[in-house]
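The entries follow the order in which I looked things up.

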Amino acid sequence: MNQSRADIPRGTALMTSLRASWIDGRTVDGGGSAMAHRNPANDADLGDTETADVRIVDLAVSSARRCFEHSWGLLSPYDRKKLLLVYANLIDEHAEELTLLEMLEVGRPGTDAAGLNASAGDILRSYALKIDTVNGDMFRSEERRMGVVLRRARGVVGAIVPWNVPVMNVLLRVAPALAAGNTIVVKASELCPRTTLLLARLAMEAGLPDGAFNVVIGEGPVAGARLAEHPDLNLVAFTGSSVTGHAVARAAASTSFKPVLLECGGKSPQVVLDDAFDDERIWPLLFFSAFWNTGQWCVAKTRLLIPRGREQQAIDGLIAAARDWQVGDPADASTRLGPIASRAQLARVQGYYTAASATGELVDLDCPRGITDSSGYYVSPSIVTGLPRGSVLQTEEVFGPLMTVELFDDLDDAIALANDTAFGLSASVWTARSDHGYKLARNIRAGGVSIFSSVDAARSTGPELGTARYFEPQKESGLGVDGGEHGYLAYTTPQSLYFHN
Ligand code: NAD
């Protein structure tokens, strides 16, 4: 499956039907002002959507509450699972439309988006199947007494999501929330409301009751802020930048006690020890880890930490790897890296490029250029060397295709360098020495660390994203367990029952 330029009229037509918030199984007009959208590949007008004001957000929460109390929250686990599996199949069937929308709204390369979206339904399946296997506990069983802990749905979940991988970001919140028996209101990102709206419509088509999955679209400081503070929510699940994460946590705490899950930014290192330099097949993997999705992913490993003296080898290796990564029109099948998703993000990223050439040596990796429109929001994947330690380029999240090359003297220095950041989302370590790999991984403060003993080992393990793994982001990268059984349990609340006979 691959989307091409010929499909764009189909995507544009689909967009016109997705234009305002989706509440109680229907489009709700009225509310806030019009929000303009532009195609990042060519700056073309994608038409407006209608933003939600506070009243519309309140309507969405009321709808989710009604549905929780009278419908979705009363379904048997068996029926819930059945509907979620139908929903997963519908997502598979509509993967092409979802891909088209991602391409148009945020410039995800069609080939790459199609590959990922072909397995988007699996996120739902994975959580739907936990309905059968994740249970409560029995904590006492005696002749006259028995104690059990139920895992109950929390109620209404408010999710606030970013734009970088639109379908995934939404499903990673919606799937555990619905599977655990909650209803949800998603505040879509300003950049990709249509992808989110289509996901909600498919839920209704699958037979989920009206109000189980609502979407409000609009500005973060208006619609997002109202959702975060809403007193009738039972959980806030936020994915986005760390700065906004703090604002969301403050707003959530301001009106009622409700837990907050925060999946925020990162500035992740990949530490390559001397022995890993023997295999030159490492460079495409290091390139991928930093530059996939044009560097716009939370776990992008945009800090390359290498032993002093290996700089030139790293520059040559990355330039060679870049030859396979065409930058260009997302609708071109050979494009592997698309544009930056918005004009505002482009300006931000360009600011870091300027800082990089002022404080270090900026090296353009010279990726091949496919067809690009001069009005598109393109930047050239690059690395920066020779930075003074502690430079903002090493510590701040760029969220674009710019990687720092940083040098260490020994293992302890590598650990200190890797931890010299406010973030703690992920890291990778490349070495065949398991004692060194383990020492680094244990001492790097990050929610997830991959230790690769060889290129062959790295290739055979498949993608890092997956719903089986679970972790908790550290430091400014967030709060709360994400993924797996523990991530599912985060959407439930334990209730103890004591039976005395
Ligand atoms: P962002 O923080 O600007 O926006 C995220 C969401 O928050 C958007 O829907 C936005 O409208 C909303 N928002 C903005 N201000 C708000 C406010 N005052 N109150 C409530 N909501 C508000 O982030 P972004 O630019 O959309 O996404 C990029 C960021 O997301 C990066 O930092 C990236 O690392 C992070 N991210 C993290 C993960 C993860 O799993 N850790 C995954 C994807 C993206």
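Contact means heavy atoms within 4.5 Å. Helices (H or I, at least four residues) and strands (E, at least two) are DSSP runs, numbered from the N terminus.

The model is predicted: local features need pLDDT of at least 70, side-chain atom pairs count only at pLDDT 80 or more, and totals for chains, interfaces and linings use all residues. Residues are numbered from 1 along each chain as its sequence is written, and side-chain values use heavy atoms, with hydrogens and water left out.

**Entry: the sheet.** I looked up an open sheet of seven strands with mixed pairing, in the order β14-β15-β16-β13-β12-β18-β19. Its edge strands, β14 (361-364) and β19 (448-452), each pair on one side only. Two strands pair if DSSP finds at least two bridges between them. On average, neighbouring strands are turned by 20° against each other, direction ignored.

I then checked β12 and β18 (residues 426-430), which pair in the parallel sense over three bridges. Valine 272 stands opposite tryptophan 430 in β18.

**Entry: helices on the sheet.** Helix α12 (residues 311-322) packs on the sheet and touches β13 (303-307), β14, β15 (382-385) and β16 (402-408). The direction of α12 makes about 135° with that of β13. Helix α13 (residues 343-359) lies across β14, β15 and β16, at about 120° to β14.

**Entry: lysine 267.** I found lysine 267 in the loop between β11 (260-263) and β12 (269-272). Is lysine 267 buried or exposed? Lysine 267 is buried, which means under 20% relative accessible area, where exposed is over 50% and partly exposed is in between (1.4 Å probe, protein chains only).

What does the side chain of lysine 267 reach? I noted the backbone oxygen of leucine 393 at 2.8 Å. The backbone oxygen of glutamate 396 also lies 2.8 Å from a polar atom of that side chain.

**Entry: α11.** Seven of the 10 residues of helix α11 (residues 282-291) are buried, among them Trp283 and Phe287. Just after α11, asparagine 293 takes a positive phi of about 60°.

Notes: Lys and Arg count as positive and Asp and Glu as negative; His and the chain ends are not counted. A salt bridge is a side-chain nitrogen of Lys or Arg within 4 Å of a carboxyl oxygen of Asp or Glu. A polar contact is a pair of N or O atoms within 3.5 Å; within protein, one must be able to donate a hydrogen and the other to accept it, and residues adjacent in sequence count only if both atoms are side-chain atoms. Axes are lines fitted to C-alpha atoms, for helices over the stretch in contact, and angles run from 0 to 180 degrees between N-to-C directions.
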